[in-house]
Amino acid sequence: MRLCLIAVLLAAFASCKPRNEAGAITAGAAEKVYVAPGKYDEFYNFVSGGFNGQVSVYGIPSGRLLKIIPVFSVMPENGYGYSEETKPMLETSHGSLPWDDQHHLELSQKDGTPDGRWLFANANNTPRVARINLATFKTEEIIELPNSAGNHSSPFCTENTEYVVAGTRFSVPIGDNQDVPIADYKKSFNGTVSFIKIDSSNGRMSLAFQLLTPAINFDLSHAGKGKSHDWFFFSCYNVEQAHTLLEVNASQRDKDFIMAVNWKKAEEFIKNNKGTLKNSRYAHNVYDETTHSATSTIESKVLTLDPSQLKDFVYFIPCPKSPHGVDIDPTGEYIVGSGKLAALIPVFSFDKLMAAIEKKDFDGDYQGIPVVKYESALYGEVQKPGLGPLHTEFDGKGNAYTSFFVSSEVVKWSIKDLKVLDRKPTFYSVGHLCIPGGDTKHPFGKYLIAYNKITKDRYLPTGPELAQSAQLYDISGDKMELLLDFPTVGEPHYAQALPADLIKNNSVKYFKIEENKHPYVTKGEKEAKVVREGNKVHVYMTSIRSHFTPDNIEGVRVGDEVYFHVTNLEQDWDIPHGFAVKGAANAEILIMPGETSTLKWIPDAEGVFPIYCTDFCSALHQEMQGYVRVSKAGSNTPLKYGTNLPDSAVAKK
Amino acid sequence: MKKYVYTAVLLGLTWACSNNSQPAKQDSSAPVVEDNSLTSSTSASSTAYDSIKGAGKYTNVELSATLDQKMIAAGKTVYEVKCAACHKLTDEKLVGPGWKGVTKKKSAEWIMNFVSNTDEMIDKDPHAQAMLAVCMVRMPNQHLSDEETRDVFEFMRNNDSSK
C-alpha cells in the first residue's frame, strides 16, 4: 500500500506533464458501460456547468450527454433569455445578466433521499439559487441573495428540503454605507449565510432568514441527517480575514473552521421575534408553466439573525488548513472536513460535538461565536490519505471516498476505523466527485464519478482549450475499477445522480393546448391574426407540421417592434418547431408542443424578410417558411396577413 | 426478456415519427405525463387486421339516428384548435385530405381509431399508408380525449350531412 502511494505521488510530482495511464482499464470495462442503442441508462447524472452557467445531464454508465439545461446563462439555441417569456428569469438587482458561474447542484429530498422533484443550482458570481423542475427539465425559479458575494456554499438542502442554503465566499460591506476602504475589511465587512424556505407543495422559494457572520469565507456546506437533522455545517477559510493575496495570507493559521448552525433554533428565535427585518433589494423570478412565461419581482425585506447576540445556535469547530468540502455520512454522525492544504482528513463526531457544546468545552470564541475544542469534537483523523483532499461522498456501506486534487486520485477509506482501503488515480487533478445519492441518508452506490480539471493528453488535442472530463468508476467491489472517461461541457464542479426511475416516468411530453394560458396564445389557425398597437405589431402565429399561420405578412414598418407570438399546435412528444427571422438581433426560439413563445424583432430596413422553422419537423420542413414585408417608417402599406390566401384576397384588420 | 423484445419491436415499428402509439389517457392535470410503456399497445396481437374498423380501442361505436348538436359544437372547437391547420371541410386536400365525405367512406370505428391511435394505424392500415404516400406528412397524434374524439366524429357527420 505504501509503495503504491509513493508511486502515485511520484507520478504526480516527477514531472509537470501528466502521463496517460490507459493501462488502468480492465478488459470487462467496455461491457459495463455499454448501453445498447434504444436502451436507457440506469442513472441520471446532473452535472454543474461551471463557467458556462448551465446544467448538463448525462446518462450513467454510458456517459452520454442527454441535455444542457439553461439556467444562469442565455442560450440562443433555444431562446432562453432571449424570448420575451424567459427574459425575466435573468433579471437581478443589477439588471438583466446574461451569464453566471454555476458550481453546485442538489436534488430535492424527502426523508434524506432524492425524490426526483427538483434540482437546485447556485450562481457564484451574482449570488442566486435556481430551481429546476425535473418533470420539464426547465428552470422554473431563480432567487437572488442580497448581502452576499460569491455564493459558493450553496445550494445544499435539508433532509426534507425544508431549506436550501446559500453563503458568502466573499465577505462584503453590508448596510447603508458600502463605499468603504478595502483596508477596513476587519472593521466593515461581514459574511452572511442565507436559508431559503422551500414550499413543499410547489417548490417555491422564499428567503426565510440570513445569519450575519464574521468576515470569513464560506466554502461549502451540507445538512445534517438523522440525529443531526437540525444542524447545517459550513466549511470556512480565511479566518485570518485577509483581503489581499489570500493565496498566502489566508493560509497562515493551522486551523480554520467548520461552522455548525442549529437551524431549528434559528426558527425558534424567529418565532420569538428575535430577528431584525432589514431593507434590501433582490430579484425573485418565477416561470409559470400554464402561461409559459416568467415574471420578475424585486423583493425588499430580509430577516437577519446575529449569532454574536443570539446565543447558542452557531458554533465553530476548528478544522485543519482551509477546509473545502464538509460532508456528512449517511448516519448523520460523522462530519468529514477536507482541508485543501492538510495532510490528513479530520472526522468529527456529532455526538461528541453535542456533548462538548453541552459541557461548554470551548476554546474561547471567535468574534462572539464559541469555538469548540478540536479534540472534544474529533472522532479521529485519516492519516496520510493523499495530498489536497477536497470532497467526500459515501456508499452507504460504511465507506467514504475522498477526492485529492494535488495527488490526482480518489481514495476509499473506512469511516469506522479511518483506514485507507483503496486508491485509484484520476486523469487529472480531480475536483468534485459524485456517487448516486452519495451525500444523502441512503446512497444508491454502484458508481463513482470523478470530475477532473485537467485532461491534457486524454483526448485528441483541440488547440489550447481542452475539454474537462469525467471518469466513471465501478465501486460495487472492494476495489474501485476505472470504467470510462468522457469529456464534459463547461467545467463541472459538484454533481448529483439518482436512479432514472425516480424521474423518467414523470417526464412531460407536451403541454396541453387547452390549458395554455399565455396572454398571446393562438388556439387554432382561426385565431391567427396580426394586430397593430401604435408601433407595436403583435403577430398571433401558429405552427404545425409544416406551416406557419400567417406565413405572409405585409404592413410592417421599419422601426416597429414586432412580436411573433408563436403557438405550437402539435400535441405529440418530440415535435417542437423553431422560429427565426432574418436580421433578428436576439436569437431563435424553439417552441415545445402546446407552448407559446415570443420573439421580438425590430426590422431595421425595408424589404421582404424570410421567416422559417429551425427545428427539422417533417419531410416538408424545408417548406415551413414565409415572408414579412417591411415598408419604410410611416408608410401606408396596409396590414395584410394569412396563409394560402389567393393573391387577390386581402385580409384586413 | 420476452417483454423487452416485444418493446424493441414496437419501438422499431413506431420510431419513425413518435413513440407514442396508445390512446391518450387524459387526466385533468397539465402538462401531459402519460404512461409511455409501449407494451400497452396490445392490438399488435395475432388476430387479423380489421381494415374496416382499423386498430385501436374503438370496436363498436353506437350512432344515434339524429345528430347531437352539443357534440357538434364541441367537435367544432376541437377541430379549430387541433385539426383545421391541415384539414379543410371541403374535399380539397390541404396538408391532409379534406373531410367532406369521410364518414361515408370510412366507419366510425376506423375514423376514431385513426384519430386516437394514429401511429399504429399509419403503420398497419393499407388505406392510411396509401394516404401517407400522397400527403408525405405523417398525421400527428393530437392526443384527443375519448370525448373529444367522439365530438369530432359527430362534427364530421354533420359536415357530411349538410349541403
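Colleague: What should I know before I start?

Modeller: This is a predicted model, where local features need pLDDT of at least 70, side-chain atom pairs count only at pLDDT 80 or more, and totals for chains, interfaces and linings use all residues. Residues are numbered from 1 along each chain as its sequence is written, chains are lettered from A and ligands numbered from 1 in the order in which they are written, and side-chain values use heavy atoms, with hydrogens and water left out.

Colleague: Why is strand β14 of chain A called largely enclosed?

Modeller: "Buried" means under 20% relative accessible area, with exposed over 50% and partly exposed in between (1.4 Å probe, protein chains only). Seven of the seven residues of β14 (217–223) in chain A are buried, so the rest of the structure largely encloses that strand.

Colleague: What makes β14(A) and β15 of chain A a pair?

Modeller: Strands are DSSP runs (E, at least two residues; helices are H or I, at least four), numbered from the N terminus. Two strands pair if DSSP finds at least two bridges between them. β14(A) has five bridges to β15 (residues 231–237) of chain A, and the two run antiparallel, so they meet that definition. A:Asn217 stands opposite A:Tyr237 in β15(A).

Colleague: Why are β41 and β45 of chain A called edge strands?

Modeller: β41 (589–591) and β45 (640–642) of chain A each pair on one side only. They belong to an open sheet of six strands in chain A, ordered β41-β40-β43-β44-β38-β45, with mixed pairing. Inside that order, six bridges join β43 (residues 607–612) to β44 (residues 625–631) of chain A, running antiparallel. There, A:Ile611 stands opposite A:Gly626 in β44(A).

Colleague: How do you know that A:Ser322 is buried?

Modeller: A:Ser322 has 4% relative accessibility, so it counts as buried. A:Ser322 lies in the loop between β19 (314–320) and β20 (323–328) of chain A. Its phi is near 50 degrees, a positive value in a residue other than glycine.

Colleague: And what makes A:Ser429 count as buried?

Modeller: A:Ser429 comes in at 11% relative accessibility, so it counts as buried. Its loop runs between β29 (420–425) and β30 (430–434) of chain A, and phi of A:Ser429 is near 55 degrees, a positive value in a residue other than glycine.

Colleague: What is omega for the cis bond from A:Arg545 to A:Ser546?

Modeller: Omega is near -10 degrees there. A:Ser546 sits in the loop between β36 (536–544) and β37 (547–549) of chain A. Another cis peptide bond joins A:Thr549 and A:Pro550, with omega about 0 degrees.
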